[in-house]
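Here is a quick tour for anyone meeting this structure for the first time.

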Amino acid sequence: MSFCFNFDISGQANASQEVDGNEVQSGNKDDGAKYAEVDDNTPAGPVKEAKEHFPPSDPQFLLTDGVFETITIGTLPPLHFLNETVFERTASEREDRENILSRREEKNSDLISGVYEGGLKVWECTYDILEIMEKEGETFSGKTVLDLGCGAGLLGILALKRGARQILFQDYNSTVIEQLTVPNVILNCEEDDEVEGDGEKKGKGKGKKQEDGCVEKGKEDLNSGSPPPKKRAADLSKHPLMRKCLFYSGDWRTFLPLVLKKEPQPKFDIIFTSETIYNTCYYPALHETLHKLLGPSGLVYLATKSHYFGVGGGLHLFETFVEQRGVFSLDHLWDGAEGLQRHVVVLRFKKQNES
């Protein structure tokens with residue numbers, strides 16, 4: 001299986017840098033913001049304010065004329081998500097106060113650092129965590145889960161469908177949360193209703209995890225064999241599973257203080273984060289977020305590539321960063337040996353930090 005990545009990192013610095021032996025050529029960003037090296041005392045770039053999002057009372061417009069894909073791995077429940085091409089085809093029709101849909105299309109880029117952080121694409125490391133969850137037989141029953149840098153929200157949705165008590169979805173871009181994450185959660189709540197009502201899944205694209213590691217996805221019209229979308233979506237906006245979900249967007253530096261204002265302050269049993277260590281400038285904020293939000297006996301499942309060419313981050317640099325901080329232990333759960341090497345690691349508090 002091969003993958004193609006397009007990154008626009010023109011705003012990351014104002015000069016070429018040498019990062020882990022790979023030269024990153026960069027220029028000025030539109031707003032003149034500058035990114036620094038990994039340094040807790042130096043800002044990593046422009047700060048994007050965080051906000052909490054609430055599902056619309058009548059979200060039928062989020063699902064009408066949609067096309068979805070389905071991923072099924074082993075014994076995991078089928079996970080449904082809106083097709084990425086829908087966003088490309090209908091970008092001009094969607095509400096996008098951030099203008100990330102048009103800018104993404106203009107630059108033909110999967111990532112525009114500090115503007116759009118890749119949330120509309122389901123990155124392949126997400127599937128690696130799903131396979132680990134299937135292998136470990138995690139049920140999530142009664143647990144609190146944070147899907148950090150959630151994008152399509154597949155990891156949080158898995159936890160939701162397997163009995164988690166509360167799930168918080170966070171992504172950098174509000175457009176991703178409003179136009180992708182929330183609709184995907186609603187879509188999977190719909191399937192939950194159909195399973196309970198009929199004892200089987202209806203009108204859903206079937207997918208499977210093939211032996212060669214490729215994901216086969218089914219594509220279906222959301223209106224096929226289902227109730228009228230307005231009635232269906234309006235009902236689902238008040239679905240019991242939706243009451244377990246919280247949705248946030250924004251920079252981790254503003255998301256953390258905002259979520260810590262909640263009473264009681266949240267602590268998560270499990271934190272998922274996939275393909276979020278591509279930029280070393282983000283390491284301090286990511287580490288602080290994990291430190292403050294992970295429960296004393298909690299686990300962080302982090303999936304990543306060995307190195308992100310053109311961006312500079314990767315597992316070795318992040319491992320070094322974590323080791324220097326001395327807060328977490330880090331263990332490898334899975335290391336892919338073929339192609340662009342991928343990894344799944346788990347972080348937990350070192351014993352002296354548990355309380």
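A charge is said to sit over a ring if NZ of Lys or CZ of Arg is within 6 Å of the ring centre and within 35 degrees of the ring normal. Arginine 325 does this with phenylalanine 321: its charged end is 3.9 Å from the centre of the ring.

A word on the ground rules. This is a predicted model, where local features need pLDDT of at least 70 and side-chain atom pairs count only at pLDDT 80 or more, while totals for chains, interfaces and linings use all residues. Residues are numbered from 1 along each chain as its sequence is written, and side-chain values use heavy atoms, with hydrogens and water left out.

Now for rings that meet other rings. Rings of Phe, Tyr and Trp (its six-membered ring) pair if their centres lie within 6.5 Å; planes under 30 degrees apart are stacked, over 60 edge-to-face, and the rest tilted. By that rule there are nine aromatic pairs, and here are two of them:

| Pair | Type | Centre to centre | Between the planes |
|---|---|---|---|
| Phenylalanine 169 and phenylalanine 247 | stacked | 5.3 Å | 10° |
| Tyrosine 283 and phenylalanine 318 | edge-to-face | 5.2 Å | 80° |

Where do phenylalanine 169 and phenylalanine 247 lie? Phenylalanine 169 is in strand E9 (residues 166-171) and phenylalanine 247 in strand E13 (residues 245-249), so their pair ties together parts 78 residues apart in sequence. Helices (H or I, at least four residues) and strands (E, at least two) are DSSP runs, numbered from the N terminus. Tyrosine 283 belongs to helix H9 (residues 283-293) and phenylalanine 318 to helix H10 (residues 315-325), so this pair links parts 35 residues apart in sequence.

Phenylalanine 169 is buried at 0%, and phenylalanine 247 is buried at 1%. Tyrosine 283 is buried too, at 1%, as is phenylalanine 318 at 0%. Elsewhere, Phe140, Phe272 and Tyr301 form one aromatic cluster.

Finally, the cysteines. A disulfide is a pair of cysteine sulfur atoms within 2.5 Å, and the count here is zero. Cysteine 189 is buried at 1% relative accessibility, and cysteine 281 is buried at 7%.

Methods. Buried means under 20% relative accessible area, exposed over 50%, partly exposed in between (1.4 Å probe, protein chains only).
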